[in-house]
Every structure is written in C-alpha cells, then in structure tokens.
Amino acid sequence: MNKLVLSLLVASALAPVAAVAADEYPSRPISIIVPYPPGGNADVALRALAEDMEKDLGVPVKVNPTPGAGGATGIQKAMGSRPDGYTILVSAQSSITIPSELRNLRFKWDTPRYVATIAAPAMYIGANAENKDITSFDAMIAKAKSEPGTLNIAQVGKTGLHQVTVLRMKKQLGIDIASIPYNGGPPTVAAVLGGHADLVITDNFNPAIKPLAMTGEPSPHYEGVKSLTELGYPEIAAGVNYIVGLPPKTPDELAEKVEAMMAKAVKSAKYQEILASLKWTPLWRDSKSTHEHVKAEAMAARELVKSGDLVLEKK
C-alpha cells in the first residue's frame, strides 16, 4: 500500500469526527440511554431533565430506557454509538464499575468519556425503628462485635454496590454480618420490617425504618443522619451516583459542550422538584472529578474480586 492510498484512508477515517467537531451542536435529536427499565426513578428524573433540555436547546431530547444484563445492555449500546454527542449515557456508576470487574464485557470502567455526575439517590444503612438495640451506627458496630455472627443485613443481589458496601464494612470494622440477598429494593425493606433481617441497605424511603448512616453523600431528605464519612468511616463510603458518559473517542470540543449543556440543565426547577419527590440528592461533579470517583470505585471493586470476597453471582 503506497503512502498516498494510506493517507487517503486515514483522512477518510477521520473525516466523520472532524465533521462532528465542526457541526453546530446540537442540530438534531439527542438520545439519552438509560440502562434500566422504563418507569423507574431514573427514567422519571431524566424525562423531566430531557423536557427542559428540549426547550432550551430547540431539538428533541428522547430518553431511551435500555434494560438488560444488570445495565450492561444499555451501557454497551451507548458505548458502541458514534462519538458525535447525540447519544448520551446516564447510568449509576456502579452499573459500570462492578460488572466490568466481574465479567468479560465490551466495556471497562474507563471506556466512557465521563462528562459529569448529576444526582445521588440517598442510600442508607437502616434498622427497624422499633429495634431498641440498634439505634445508631455505633450501636450496630458494638452489637456486631459483642455478638459475632448474629446480625444480618438485607440487600439487593449478591454482587452489586450493596454487597460491595457490606464487604467493605465487614473488612474495615472487623465485624461479621451475614448478607441476605433479595431481588429488588422493596423486598429488602419488607424483610427488616417483618423481622427477617436486622439491617437493610437501601435507597427506599420508609418512615418505619430508622436510617443509621448515609452510605454516600449526606442527604437533605434525611435530616440529622450523618454519612459514613462524617462518622469517621470514609473507607466504607459507597454512594449511588448517576453519571453522564459519552462514547470513547468523543472529541474534546463536543465533550465540553455536553458538560456545559448538562450543567445548565440540572439547575432547572422541574428537575430539582422531581429529585426532591424521589428523595434523591442533587449532586454536581465535573468531568475530572467524575472520572476520579468512578476510578476509585472500580479499583475498590477490583480488590474485592482479587481477594475472592466478591464473586460472580451464579444463576
């Protein structure tokens, strides 16, 4: 192959990206891929966001729920799209970090071009409000140490963020708590209220459950409840953070435009109202900070996989 032909091939390959960078973005419909079923909290929140984006940008913004394989289906679809700014992924970062360490997927934690973090559902560790023995996080630790192996905690699944948080808690605090996996959040709440579990890790609000500690960021919806970091246990902290990501090789200019676009959109009154109704915490992190937080979570999951503590759930 002579140099002229090679040069033409390279130029041809780069032409679409150059055209995208020069495009008056956005000038056509934008697709937001959400890797979860329609009707869930993420779907509800993002439809409110998309509605305000449409009004501001003057182009259609469609939310496309794409569930499957614990979020992997939608993430892989987004990451396989053209890097032109018209396909945007919004996902819980744990749907990227943990599965990519456990399974051979078409993406790794660093595959997406991270743009921002836009919300944090308020996940907490709680106990039945009628439980007189466990009234605080420190009381839970004391009971676990004085009565080893007697406490258990209801959680969603065996290999997700809940399990990672519990494993961190057991390792860092030197306590023995048994995990009881359930299929979905509501059953975990029912378990602790029905006396089938002592503790629960959840982002489902229920007035009959006393939150002992927020696992991630402090939440204005749980006034007076400190985060694990505030309680002095930053190594255990693991919040649910919703990130915005773009396909790999998205040009810098486009990524910066999407970041600015999202920074403006999350300030809309309707979006903020929806977050409040869901008891989600508004959280903004820029592209650099988001990348650092995602990396930290992925590395923590990798260590748990290497140690054999976190293993792939068998069907």
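## Terms and model

Two strands count as paired if DSSP finds at least two bridges between them. Helices (H or I, at least four residues) and strands (E, at least two) are DSSP runs, numbered from the N terminus.

This is a predicted model, in which local features need pLDDT of at least 70, side-chain atom pairs count only at pLDDT 80 or more, and totals for chains, interfaces and linings use all residues. Residues are numbered from 1 along each chain as its sequence is written, and side-chain values use heavy atoms, with hydrogens and water left out.

## The five-stranded sheet

Five strands make an open sheet. Their order is E7-E6-E8-E5-E9, with mixed pairing. Strand E7 (177–182) and strand E9 (209–214) are the edge strands; each has a single partner strand, so one side of each lacks a neighbour in the sheet. From one strand to the next, the twist averages 30 degrees. Axes here are lines fitted to C-alpha atoms, for helices over the stretch in contact, and angles run from 0 to 180 degrees between N-to-C directions.

## Strand E9 and its partner

Strand E5 (residues 124–128) and E9 run antiparallel, joined by five bridges. Tyr124 stands opposite Met214 of E9. Asn128 has Ile209 of E9 as its bridge partner.

Helix H6 (residues 161–173) lies across E5, strand E6 (151–156), E7 and strand E8 (199–202). H6 runs at about 155 degrees to E6.

H6 also packs against helix H10 (residues 287–307), at an angle of about 70 degrees and with the axes 11 Å apart. The two helices are therefore roughly perpendicular (65 to 115 degrees; under 35 is roughly parallel, over 145 roughly antiparallel, the rest oblique). Leu161, Val164, Leu167 and Arg168 of H6 make the contact (heavy atoms within 4.5 Å) with Glu297, Ala300 and Leu304 of H10. By class, this contact has five nonpolar residues (Ala, Val, Leu, Ile, Met, Phe, Trp, Tyr, Cys and Pro), two charged (Asp, Glu, Lys and Arg) and no polar ones (the others, Gly among them).

## A buried serine

Ser91 lies in strand E3 (residues 87–92). Ser91 is buried, with a relative accessible area of 0%. Neighbours within four places in sequence aside, Ser91 is in contact with Pro35, Tyr36, Ile75, Ile96, Asn241, Tyr242 and Ile243.

Terms used: Buried means under 20% relative accessible area, exposed over 50%, partly exposed in between (1.4 Å probe, protein chains only).
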